[in-house]
Amino acid sequence: MGLTTLKKTILPIKGMSCASCVSKIEKALKGVEGVKSASVNLATNKALVEHDSDIKQSDLVKAVEASGYGVLSEEKKTIIKIDGMSCASCAQKIEKSLSKTEGVLSASVNLASQKASLTFNPAVLEESDLEKVVEDTGYEVIREAKETIAEFKVMGMSSDHCAGVVKKAVERLNGVEEVETNFANSYAKVSYDAGEVGVRDIVKAITNAGYKPELIESEEEAVDVEKAAREKEIATLKRKFIWATVFAVPIFYLAMAHAISSSLLPRFLSPEYAPVTFTLAQVLLSIPMIIVGWNFYRIGFPNLFRGSPNMDSLIGLGTSAAYIYSSFAAILVLLGRDPNGQYVQSLYFETAAVIIALILLGRYMEAVSKGKTSEAIKKLMGLAPKTAIIEVNGAEEEVPISEVKEGDIVIVKPGQKIPVDGVVINGATAVDESMLTGESIPVEKNPGSKVAGATINKTGSIKFKAEKVGKDTALAQIIKLVEEAQGSKAPIARLADIVAGYFTWAVMGIAILAAIVWFLAGTVFGVALIGGTFIFTLTVVITVLIIACPCALGLATP
């Protein structure tokens with residue numbers, strides 16, 4: 001039976017005025033399942049709670065609020081990367097869901113950068129809760145890899161037993177997730193949590209086991225998963241568009257060629273001489289189109305049924321209407337129940353096929369364009385060096401930049417980039433700080449001078465003490481500011497998002513109204529409509545729905 005890990009949480013309480021308030025809050029907290037002890041201090045207005053690690057802070061906050069008191073709110077900002085947004089109404093839908101979530105103080109979703117910028121109360125909910133809200137809305141969250149991977153050449157391994165010794169030595173370290181060893185090529189691969197253990201600890205463990213490790217590859221902690229997701233999306237859309245074009249072009253030719261000249265189609269594909277073959281060819285060519293465009297239906301219809309339709313809903317409705325009617329007409333033709341040739345002339349398979357192909361082209365071009373919005377951040381990230389030289393027991397040791405810790409003595413030679421922020425303790429040099437200040441003239445640095453990561457050491461060698469590493473460096477703060485700026489919206493964009501929230505309902509309302517007007521015109525008022533009242537009315541509905549899909553509001557809002 002495993003031991004339950006206990007966790008301590010301090011809650012700032014508001015509204016207490018006497019000892020009975022303290023007793024009431026303590027009783028409420030102790031009533032939460034998993035709470036081992038609760039102590040409330042009236043003088044400091046704080047509650048110290050010891051509880052099982054699987055209990056969320058939000059559960060404790062709710063218990064305090066249920067007893068009639070409050071917990072002072074804190075603010076925390078985060079950025080969530082989202083995949084699957086295709087229009088302004090998608091962004092508006094996610095923003096609305098997040099804004100309604102208890103504990104969210106502000107939410108802004110940007111379609112162009114595919115990010116949600118959030119300010120929330122960490123005492124009420126966690127980042128994982130916000131990610132779940134996005135996923136429950138029908139979209140995907142792009143999560144950064146939490147594991148770091150390091151690969152080593154391990155000299156001295158001569159058998160499987162040696163490989164096993166190395167594996168066990170590394171597995172004993174806290175924070176190591178997985179170890180793979182292979183004596184045949186003297187190889188070891190370690191997956192670990194960089195917050196608990198570092199490459200230096202792994203090297204030391206292997207060395208103490210009697211072997212000589214050499215780092216051959218180390219992946220950065222912050223793997224660019226967003227870029228990988230974007231590239232995958234672009235490749236998928238490109239592939240789908242190519243397949244859509246392959247089938248849309250022949251079906252469009254079949255449907256339109258005979259309207260220009262009967263000589264453009266061979267006799268066995270002519271709707272006049274071979275209506276069955278003509279119809280069957282269109283049916284077979286249209287099936288792959290529905291498969292290629294399945295995402296429109298998979299996303300569009302569930303959103304419609306949930307009462308929050310988007311552009312995919314319009315595409316799904318329009319192409320489905322065309323396809324369902326065409327299928328009905330095709331069945332009549334194939335069963336020989338179209339002696340006058342009325343239905344063979346009323347197939348709209350090419351409408352659905354061409355629309356899907358064109359929308360996929362638009363989505364592909366949009367994805368390529370959106371992929372460029374994060375280039376500025378990628379260039380900023382590229383400014384930082386990948387490794388640093390630190391002093392360990394009087395000797396120089398090159399380590400990944402993620403392994404540099406506060407207090408480490410870092411050595412920088414002429415021409416090298418300074419890896420992290422710190423203060424010079426030995427040596428004198430001139431540093432090019434143009435990436436920070438824009439000033440091209442190098443700045444003199446002497447003992448006691450501050451240096452910033454990603455700036456370039458020009459003349460002399462220096463030693464400095466690392467003061468700010470990782471997300472605390474000046475460069476990391478600049479990157480964070482750029483990300484927040486990209487995630488924010490101008491007032492006009494917010495107005496456009498609000499309009500987009502009602503846009504799809506308005507389009508569907510106009511389509512229904514247009515259908516009623518033309519149906520009454522053909523049946524009640526006797527207006528002669530091309531193809532008959534039903535065919536003409538259906539064409540009008542499809543036209544309204546489809547024309548609204550690539551609208552200026554949906555494409556130009558970002």
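A contact here means heavy atoms within 4.5 Å. By that criterion, and leaving aside residues up to four places away in sequence, Ile13 touches Ile25, Asn45, Lys46, Ala47, Val64, Tyr69, Gly70 and Val71. The structure is a predicted model, in which local features need pLDDT of at least 70 and side-chain atom pairs count only at pLDDT 80 or more, whereas totals for chains, interfaces and linings use all residues. Residues are numbered from 1 along each chain as its sequence is written, and side-chain values use heavy atoms, with hydrogens and water left out.

**Nonpolar cores**

- The largest nonpolar core has 53 residues, and those with the most contacts inside it are Ile13, Leu29, Ile82, Met85 and Leu98; such a core is a set of buried Ala, Val, Leu, Ile, Met, Phe, Trp, Tyr and Cys residues joined through side-chain atoms within 4.5 Å.
- Helix α15 (residues 491–523) supplies the largest share of this core, namely five residues; helices (H or I, at least four residues) and strands (E, at least two) are DSSP runs, numbered from the N terminus.
- Another core, of 40 residues, lies apart from the largest one, and among its members are Ile251, Val283, Ile542 and Ile546.
- Throughout, buried means under 20% relative accessible area, exposed means over 50%, and partly exposed lies in between, with a 1.4 Å probe and protein chains only.

**A three-stranded sheet**

- An open sheet of three strands runs in the order β18-β17-β20, with antiparallel pairing; two strands count as paired if DSSP finds at least two bridges between them.
- Because β18 (443–445) and β20 (456–457) stand at the edges with a single partner strand each, one side of each is left without a neighbour in the sheet.
- Strand β17 (residues 429–432) pairs with β18 in the antiparallel sense over three bridges, and Ala430 stands opposite Glu444 in β18.

**Salt bridges**

- The structure holds seven salt bridges, each being a side-chain nitrogen of Lys or Arg within 4 Å of a carboxyl oxygen of Asp or Glu.
- One of them joins the side chains of Glu391 and Lys463 at 2.7 Å, N to O, and this pair links distant parts of the chain, with Glu391 in strand β13 (residues 387–392) and Lys463 in strand β21 (residues 462–468), 72 residues apart.
- Glu391 counts as partly exposed at 30% relative accessibility, and Lys463 likewise counts as partly exposed at 26%.
- Glu396 and Lys413 meet through their side chains in a salt bridge of 3.4 Å, N to O; Glu396 lies in strand β14 (residues 395–400) and Lys413 in the loop between β15 (409–412) and β16 (421–426), so the pair ties together parts that are 17 residues apart in sequence.
- Glu396 is partly exposed, with a relative accessible area of 49%, and Lys413 counts as partly exposed at 33% relative accessibility.
- The side chains of Glu433 and Lys445 also form a salt bridge, at 2.8 Å, N to O; Glu433 lies in the loop between β17 and α13 (434–437) and Lys445 in strand β18, so the pair ties together parts that are 12 residues apart in sequence.
- Both Glu433 and Lys445 are buried.

**Cysteines**

- The structure holds zero disulfides, a disulfide being a pair of cysteine sulfur atoms within 2.5 Å.
- The sulfur of Cys18 is 3.5 Å from the closest cysteine sulfur, in Cys21, which is too far for a bond.
- Cys18 counts as partly exposed at 30% relative accessibility, whereas Cys21 is buried, with a relative accessible area of 5%.
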